[in-house]
Amino acid sequence: MSEFRVRSIRTLDAAFPVPGDKSMSHRAAMIAGLADGVSTVRNFLPSEDCLNTLGAMQACGVQVQVLEEMPGFGPTSMRIYGRSMKLDAPSKPIDCGNSGTGMRLLAGLFAGQSFETELFGDESLSGRPMGRITVPLGEMGAKIDCLGEKPGCAPLKIHGARLHPIRYELPVASAQVKSAVLLAGMFCEGVTTAVQPADTRDHTERMLESFGVKIVTEGNAISIEGGQVPQARDFRVPGDISSAAFWVVAAAALPGSRLVIKNVGLNPTRTAVLDVIERMGAQITRTVISTDDGEPIGDVEIRGSQLKGTELLRAEIPNLIDEIPVIAVAAAMAEGKTIIRNAKELRVKETDRITTVVEGLRAMGGQIEEFEDGMEITGGAPLHAATIESHGDHRIAMAFAIAGLFASGETVIRNTACVNTSYPGFAKQLDAVLAESKDLADYDLPTVPVPA
């Protein structure tokens with residue numbers, strides 16, 4: 001069984017990049033595959049999740065020429081030959097692996113096709129709710145059967161249909177639901193609108209616009225007119241701020257540290273984690289270098305200090321839901337209390353992330369109270385080593401690897417192969433942090449050209 005063995009560090013003084021953004025890599029594979037012409041996508045995340053989405057598009061006739069790859073993982077740069085919105089029926093069910101993003105967005109894309117598609121995933125994905133997308137897609141005219149053992153869960157059998165546009169008010173703030181509706185709306189005649197109760201990450205809208213698709217945003221209502229065809233272009237995926245968050249916390253909670261995360265996405269719908277850690281007392285400097293691909297990309301410098309507890313605001317939760325496990329680790333090392341509420345969504349992630357975080361921090365000596373929708377952490381208690389079971393959840397595995405950097409003794413995180421679903425190369429960079437290296441080469445995630 002794969003595992004991380006982690007001990008405390010004295011210093012962190014480094015500068016390095018993180019792999020490509022997971023959310024944008026999913027979308028780049030889909031939108032480039034729908035486009036008219038050949039797109040070059042660079043810095044694609046070769047994680048299991050994103051490769052499954054790329055494979056789904058290939059199963060529908062999209063051709064991919066790999067230009068560079070990360071050895072042992074998969075392609076990072078490629079040419080994608082778009083199908084001008086005309087996909088072929090896949091010859092067999094499509095495996096979405098562990099990815100809720102992949103399954104929900106693909107469901108939106110396949111809902112308006114003229115063929116039948118089945119989407120399935122691993123045990124974790126098969127336990128996550130899919131009703132939140134089957135309801136609006138059903139209102140648009142799609143017929144989707146949830147075949148899972150749990151009601152409303154995958155596998156999904158999608159009977160493609162001629163869709164009609166709707167105006168859909170999302171009951172919960174969800175970028176995945178919004179994106180599924182907008183992607184389905186591309187195959188309608190007329191205007192489809194998704195109305196969100198709070199701002200969510202807007203990568204789908206930005207990327208569609210960068211591929212020439214017109215999106216209209218009025219307040220929290222986002223509209224798309226069907227019949228538009230994305231136009232191929234070159235697109236570079238920025239580094240993933242959710243992956244950077246683990247190192248942000250490691251540096252922020254270590255007084256005297258200095259860390260620069262390079263070429264990372266600074267989309268304001270994704271940087272709430274930086275706002276929270278800054279509010280807790282870390283010094284964070286953001287420098288935007290480029291907005292050429294519709295997404296702000298730049299460097300983030302973090303200087304560590306003694307952190308103080310905070311309260312996560314209700315409006316912040318949708319845009320930092322993925323980062324809450326590692327924020328909880330920061331809270332355990334902060335002075336005072338940190339309150340995290342309105343985050344019940346965590347219970348239907350890869351694991352019940354409220355319970356897994358609470359149990360893990362308690363095992364390491366943290367003081368934490370569990371609520372149905374979150375937790376309250378009283379920081380300052382010294383952490384000690386423990387054996388932590390990730391339960392196959394990549395963000396739990398990485399969050400507790402960071403906790404181990406501040407604990408006495410050797411912390412063991414078990415079942416860490418799951419990290420490859422989002423962060424290939426994490427183990428290499430963790431080793432460099434544990435070695436307290438200042439050499440960029442020790443943190444480098446190499447890519448190699450692929451012969452034509």
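This is a predicted model: local features need pLDDT of at least 70, side-chain atom pairs count only at pLDDT 80 or more; totals for chains, interfaces and linings use all residues.

Colleague: What joins strand 3 to strand 5?

Modeller: Strand 3 (residues 38-42) is joined to strand 5 by four bridges, and these two strands run antiparallel; V38, for instance, stands opposite Y81 in strand 5.

Colleague: What makes you call strand 5 mostly covered?

Modeller: A residue is buried when its relative accessible area is under 20%, and in strand 5 (residues 74-81) six of the eight residues are buried.

Colleague: Which residues of strand 2 are on its covered face, and which are on the uncovered one?

Modeller: In strand 2 (residues 13-17), A14 and F16 make up the covered face, while D13, A15 and P17 make up the uncovered one. In a regular strand the side chains alternate between the two faces of the sheet. Strand 2 also runs parallel to strand 15 (residues 258-265), with five bridges joining the two, and D13 has R258 of strand 15 opposite.

Colleague: How do you know that the length of helix 3 agrees with what its residues should span?

Modeller: At 1.5 Å a residue, the 12 residues of helix 3 (residues 100-111) should span 16 Å, and because the end C-alpha atoms are 16 Å apart, the two values agree. At the start of helix 3, moreover, a side-chain oxygen of S99 comes within 3.5 Å of the backbone nitrogen of T101.

Colleague: Why is the contact of R270 with D21 called a salt bridge?

Modeller: The name requires a side-chain nitrogen of Lys or Arg within 4 Å of a carboxyl oxygen of Asp or Glu, and since R270 and D21 meet at 2.9 Å, N to O, the pair qualifies. The two residues are 249 residues apart, with R270 in the loop between strand 15 and helix 8 (272-279) and D21 in the loop between strand 2 and helix 1 (22-34).

Colleague: Are R270 and D21 buried or exposed?

Modeller: R270 has 2% relative accessibility and so counts as buried, and D21, with a relative accessible area of 1%, is buried as well. R270 also meets D240 in a salt bridge of 3.1 Å, N to O, and D240 is likewise buried.

Colleague: What makes R258 partly exposed rather than buried?

Modeller: The relative accessible area of R258 is 30%, which lies between the limits of 20% and 50%, so R258 is partly exposed. R258 forms a salt bridge with E301, whose closest N and O atoms are 2.7 Å apart.

Colleague: How many salt bridges does the rule give?

Modeller: The count comes to 34 salt bridges, and a network of them links R128, R201, D322, K349, E350, R353, D393 and R395.

Terms used
Residues are numbered from 1 along each chain as its sequence is written. Side-chain values use heavy atoms; hydrogens and water are left out. Buried means under 20% relative accessible area, exposed over 50%, partly exposed in between (1.4 Å probe, protein chains only). Two strands pair if DSSP finds at least two bridges between them. The expected span of a helix is 1.5 Å times one less than its number of residues. A polar contact is a pair of N or O atoms within 3.5 Å; within protein, one must be able to donate a hydrogen and the other to accept it, and residues adjacent in sequence count only if both atoms are side-chain atoms.
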